[in-house]
Amino acid sequence: MQVAPRPVNARSTKAHRCHSLKFGAKGEAGKLSKQAMSNDTNMRRCRRPGEKGGRPSRRSPRTPPADSPSVIYGFHAVSEALKNPKRNIHRLVATANALNRLKGLVPDMEWPEPSSTREMDKLLGADTVHQGVALFCDPLPEPELSDCIGAEMIVALDQVTDPHNVGAVLRSAAAFGATFLIMTARHSPPETGVLAKTASGALEHVEIVRVRNLSNALEELRDAGFHLLGLDGEATDALGDTPLQKPAVLVLGAEGKGLREKTAATCDRLVRLPTRPPIASLNVSNAAAIALYEASRPQRG
């Protein structure tokens with residue numbers, strides 16, 4: 001009896017061929033078995049990002065320190081930090097162009113570490129606007145609430161958590177003569193590179209005081225002779241309607257939430273910005289700039 005040929009299964013043939021290549025079947029496949037096995041292994045390894053011998057990982061081997069309190073970047077932030085005798089500086093990393101701009105502040109040009117823009121991007125993160133310079137330093141010492149006594153103008157923020165907003169408020173505070181910024185220890189951003197960059201050097205001129213309870217801190221300042229002026233969009237009086245008593249604390253709340261009920265009750269007076277419809281509210285940093293400008297003007301009446 002003649003047996004019919006068994007139908008060829010393409011799948012099993014392919015599997016058999018792979019088996020022959022890997023395990024040294026007789027013939028040409030056997031001669032190439034070791035080389036093919038090695039190539040097959042290397043191809044599989046190349047598909048593993050970050051593995052030794054394969055394609056480099058897209059993720060930087062270093063964690064970007066742009067959100068670290070020990071790194072300041074950006075030309076104005078770094079240049080003001082270099083001028084500050086209170087700063088304990090460890091490293092200055094900069095491109096040749098940035099060092100040329102900073103040469104008046106760095107008389108000993110041998111200690112900065114030269115770098116390239118690409119290396120700076122790897123160090124700080126590709127999205128960081130570092131302007132070719134980064135300063136590794138210790139955070140500034142934090143003052144006590146009692147250190148505010150004697151100041152003419154202070155800004156207090158009630159749970160403002162965005163570092164960009166806090167940095168912008170610091171910049172306005174420095175521009176209009178406020179010397180302290182009070183925030184709660186919780187629900188406020190640390191002094192990161194993002195905050196310092198946004199403050200554009202003001203972090204070196206406006207001291208940040210962190211308190212456990214904002215209302216209690218405001219009451220202590222009132223007892224020391226400060227007038228507490230809170231910004232509230234629902235207030236009856238507009239800013240500038242009546243002369244501002246000094247020394248003063250300008251109290252602002254988070255965008256959207258505004259001042260918390262207890263914080264508002266602690267203030268001596270609540271005022272609003274004289275905005276007009278259809279936009280009745282402003283970002284907290286913009287509101288702070290307007291209020292600080294008004295407070296810095298010569299008083300009328």
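Colleague: Where is Pro 247 found?
Modeller: In the loop between β9 (237-238) and β10 (248-253). Strands here are DSSP runs of E with at least two residues, helices are runs of H or I with at least four, and both are numbered from the N terminus.

Colleague: What kind of peptide bond joins Lys 246 and Pro 247?
Modeller: A cis one, with omega at about 5 degrees. Pro 277 and Pro 278 are also joined by a cis peptide bond, where omega is about 10 degrees. Pro 278 sits in the loop between β11 (269-272) and α11.

Colleague: Before we go on, what are the ground rules?
Modeller: This is a predicted model, so local features need pLDDT of at least 70, side-chain atom pairs count only at pLDDT 80 or more, and totals for chains, interfaces and linings use all residues. Residues are numbered from 1 along each chain as its sequence is written, and side-chain values use heavy atoms, with hydrogens and water left out.

Colleague: What pLDDT does the chain average?
Modeller: The average is 79, and 75% of the residues score at least 70. pLDDT is the predictor's confidence in each residue, from 0 to 100.

Colleague: Over which residues does pLDDT stay under 50?
Modeller: Residues 10-65. The model has 30 contacts for them beyond four places in sequence. A contact means heavy atoms within 4.5 Å.

Colleague: Overall picture, then. How many helices and strands does the chain have?
Modeller: There are 11 helices and 11 strands. Of the 301 residues, 40% are buried. Buried is under 20% relative accessible area, exposed is over 50%, and partly exposed is in between, with a 1.4 Å probe and protein chains only.

Colleague: And what does the accessible surface come to?
Modeller: About 18300 Å², with 51% belonging to carbon and sulfur atoms. That area is from the Shrake-Rupley method with a 1.4 Å probe; for residues, only the protein chains shown count as cover.

Colleague: What share of contacts between residues at least 6 apart join residues at least 24 apart?
Modeller: 74% of them.

Colleague: Switching to α7. How many residues does it have?
Modeller: Helix α7 has 13, residues 163-175. From first C-alpha to last it reaches 18 Å, close to the expected 18 Å. The expected span is 1.5 Å times one less than the number of residues.

Colleague: Which of its residues are buried?
Modeller: In α7, the buried ones are Asn 165, Val 166, Gly 167, Val 169, Leu 170, Ser 172 and Ala 173.

Colleague: What do those buried residues of α7 pack against?
Modeller: They pack against β5 (153-158), β6 (180-184), α8 (193-199), β7 (207-211) and α11 (284-296).

Colleague: Why does Asn 165 count as buried?
Modeller: Because its relative accessible area is 12%. Leaving aside neighbours within four places in sequence, Asn 165 is in contact with Val 160, Asn 283, Val 284 and Ser 285.

Colleague: What happens at the start of α7?
Modeller: A side-chain oxygen of Asp 162 comes to within 3.0 Å of the backbone nitrogen of His 164. After α7 comes Gly 177, whose phi is positive, near 95 degrees.

Colleague: Now strands. How many bridges join β2 to β4?
Modeller: Five, and the two strands, residues 89-94 and 133-137, run antiparallel. Strands pair if DSSP finds at least two bridges between them. Leu 92 has Leu 135 of β4 as its bridge partner.

Colleague: And do β2 and β3 run parallel or antiparallel?
Modeller: Parallel, with two bridges joining β2 to β3 (residues 113-114). Ala 94 stands opposite Pro 114 in β3.

Colleague: What does Ile 89 touch?
Modeller: Beyond four places in sequence, Ile 89 touches Ala 81, Leu 82, Trp 111, Leu 135, Phe 136 and Cys 137. Ile 89 lies in β2. At 27% relative accessibility, Ile 89 is partly exposed.

Methods. Polar contact = N/O pair within 3.5 Å; in protein donor to acceptor, adjacent residues only side chain to side chain.
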